[in-house]
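Subject: A structure for you to explore

Hello! Here is the structure I promised to pass on, and below it you will find some notes to read alongside it. Take your time and keep the viewer open.

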Amino acid sequence: MRTLVSGVSRGTETLVHTGAVPAEVAELMRAPFQEGDLPGPVKYGYLSVGVVEDGPAHLIHQRVFVLHPHQDRYIVPVEAVTPVPAGVPTSRAVLAGAVETAINILWEAAPRLGDRIAIIGAGMIGAAVAALARDFPLARLQLIDVNPDRARLAQHWGIEWRDPATAEGDCDLVIHASGSEAGLARALELLGEQGEVVEASWYGSTAPRVPLGGAFHAKRLSIRASQVGVVAAARRARRTHADRLALALDRLTDPAFDALITGTAPFDELPEVMPRLAAGEGAPLCQVITYPQSDQHRTA
């Protein structure tokens, strides 16, 4: 494989970068083709798009997506590659991991006709969920974030954006992806009777307080975790990881996802990029890492 672009999964990779992965889940959080052991030193990452330079004839010179760390060239089993559809540009294909995660969240959340749904946290995962959910026949869909710049993203997609303080309540379902204690508390506040929060954030070694007083018991509210490591139980009998990833790449034929590509940097600057991301500087939705390409192998 020769890498064209890779992407930084900002939430998980900054936790890895700062050594905030709890020891008890270090093995569970191993990335495919990871080298080294958490907390580090470790080679980590799982959003890579490249060109097959050697392998089966039908894959030679084909663009593929691989769950591989940031690296310019590597060797993987043929089963690890997923072809990128012709209608998906290389830079957009790097979002396959985020869209796959969003698909799993929606499979677990199982929105219903006419539901009132809020998505809290318009980062890469929350925004990917919103981009998919806008095709559902919902009564209301709100994208909620403390960053007013995210309003332009919601407007671009025709989705209602709200600041947490002005978000409408009585929701059937809230998908929480802000990774913050305040966001989780607000998610519970926005639920209607017997509503459910699907928690898509991973907090690493931090321990956020969860407000289980107030209306939590009286309204019979629920909190359920979602994690991409396994296919959602509702689809596990009929879908494999490969099926889910292929579906994500198929959905990426939609140019609307280009709005998630908000930062680029060359591979040799990655050692400077990661500390900035970990410090919250710039806060790009998807940080794309580019790699030098020889003239005879340039790919659109």
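Helices (H or I, at least four residues) and strands (E, at least two) are DSSP runs, numbered from the N terminus. Please note that this is a predicted model, in which local features need pLDDT of at least 70 and side-chain atom pairs count only at pLDDT 80 or more, while totals for chains, interfaces and linings use all residues. Residues are numbered from 1 along each chain as its sequence is written, and side-chain values use heavy atoms, leaving out hydrogens and water.

**The sheet**

Gln142 stands opposite Glu160 of strand 9. Strand 8 (residues 140-144) and strand 9 run parallel and are joined by 3 bridges. They belong to an open sheet of 6 strands with parallel pairing, in the order 9-8-7-10-11-12. Strand 9 (160-162) and strand 12 (222-225) are at the edges with a single partner strand each, so one side of each has no neighbour in the sheet.

Now look at strand 10 (residues 171-176). It is largely enclosed by the rest of the structure, because 5 of its 6 residues are buried (under 20% relative accessible area, with a 1.4 Å probe and protein chains only). Strand 7 (residues 116-120) runs parallel to strand 10 and is joined to it by 4 bridges; here Ile119 has Ile175 as its bridge partner. Strand 11 (residues 191-199) is also parallel to strand 10, with 5 bridges between them, and His176 is partnered with Glu199.

**Helices**

Helix 4 (residues 124-133) has 9 of its 10 residues buried, so it too is largely enclosed by the rest of the structure. Among the buried ones are Met124, Val129 and Leu132.

How are helix 1 and helix 8 placed relative to each other? Helix 1 (residues 10-17) and helix 8 (residues 270-278) pack at about 105°, with axes 9 Å apart (lines fitted to C-alpha atoms over the stretch in contact; angles run from 0 to 180 degrees between N-to-C directions). They are therefore roughly perpendicular (65 to 115 degrees). The contact (heavy atoms within 4.5 Å) involves residues including Thr14 of helix 1 and Met274 of helix 8.

Thr14 itself is buried, with a relative accessible area of 14%. Its side chain reaches the backbone oxygen of Gly11 at 3.1 Å.

Enjoy exploring!

Note on methods: Buried < 20%, exposed > 50% of the residue type's maximum accessible area, 1.4 Å probe, protein only. Polar contact = N/O pair within 3.5 Å; in protein donor to acceptor, adjacent residues only side chain to side chain. Pairing = 2+ DSSP bridges. Parallel < 35°, antiparallel > 145°, perpendicular 65-115°, else oblique.
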